[in-house]
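User: Could you take a close look at one helix here and walk me through how it sits against its neighbours? I'd like the cut-offs spelled out as you go.

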Amino acid sequence: MPNTVSKYSDHDIESLEALKAIRATLSPRELSDIEEVIFLYTWNGKLYREMSQKTGYEQGYLKDIGSVFLKNWDAKLLKKTLN
């Protein structure tokens with residue numbers, strides 16, 4: 001079962017500003033809580049194994065969600081670049 005610790009508590013201002021930029025880039029699509037967690041930990045160089053230990057989510061679940069999130073983000077960035 002996932003931890004109930006705030007998803008933001010382990011992250012610095014730079015990480016949270018980057019998350020804010022990602023939210024704006026993907027708008028109007030909103031990030032799920034787990035996508036935000038994955039982004040923040042990835043931004044800080046954490047591996048899925050480390051994320052799993054810290055959050056209580058299964059490593060495979062985090063990888064699956066992370067993969068879909070990155071594909072969506074890449075597609076959105078490419079679309080904005082081409083327009």
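Analyst: Let's start with a term: buried means under 20% relative accessible area, exposed means over 50%, and partly exposed is in between, with a 1.4 Å probe and protein chains only. Helices, for the record, are DSSP runs of H or I with at least four residues, numbered from the N terminus. The model is a predicted one, where local features need pLDDT of at least 70 and side-chain atom pairs count only at pLDDT 80 or more, while totals for chains, interfaces and linings use all residues. Residues are numbered from 1 along each chain as its sequence is written, and side-chain values use heavy atoms, leaving out hydrogens and water.

The part to look at is H2, which spans residues 33-43. H2 is mostly covered, with eight of its 11 residues buried: Ile34, Glu35, Glu36, Val37, Ile38, Phe39, Leu40 and Tyr41.

On to the neighbours. Helix H1 (residues 13-26) packs on H2 at an angle of about 130°, with the axes 10 Å apart. Here axes are lines fitted to C-alpha atoms, for helices over the stretch in contact, and angles run from 0 to 180 degrees between N-to-C directions. H1 and H2 are therefore oblique to each other; that label is what remains after under 35 degrees (roughly parallel), over 145 (roughly antiparallel) and 65 to 115 (roughly perpendicular). Their crossing is right-handed, i.e. the near helix is turned clockwise from the far one by less than a right angle.

H2 and H3 pack at about 125°, axes 10 Å apart, which makes H2 oblique to H3. This crossing is right-handed too. From H2, Val37, Ile38, Tyr41 and Thr42 make the contact, with Tyr48, Met51, Lys54 and Thr55 on the H3 side. The class count is five nonpolar, two polar and one charged.

Finally, the ends: just after H2, Gly45 takes a positive phi of about 75°, and H3 is followed by Gly56, with a positive phi near 90°.

Technical notes:
Helices (H or I, at least four residues) and strands (E, at least two) are DSSP runs, numbered from the N terminus. Contact means heavy atoms within 4.5 Å. Ala, Val, Leu, Ile, Met, Phe, Trp, Tyr, Cys and Pro count as nonpolar, Asp, Glu, Lys and Arg as charged, and the others, Gly among them, as polar.
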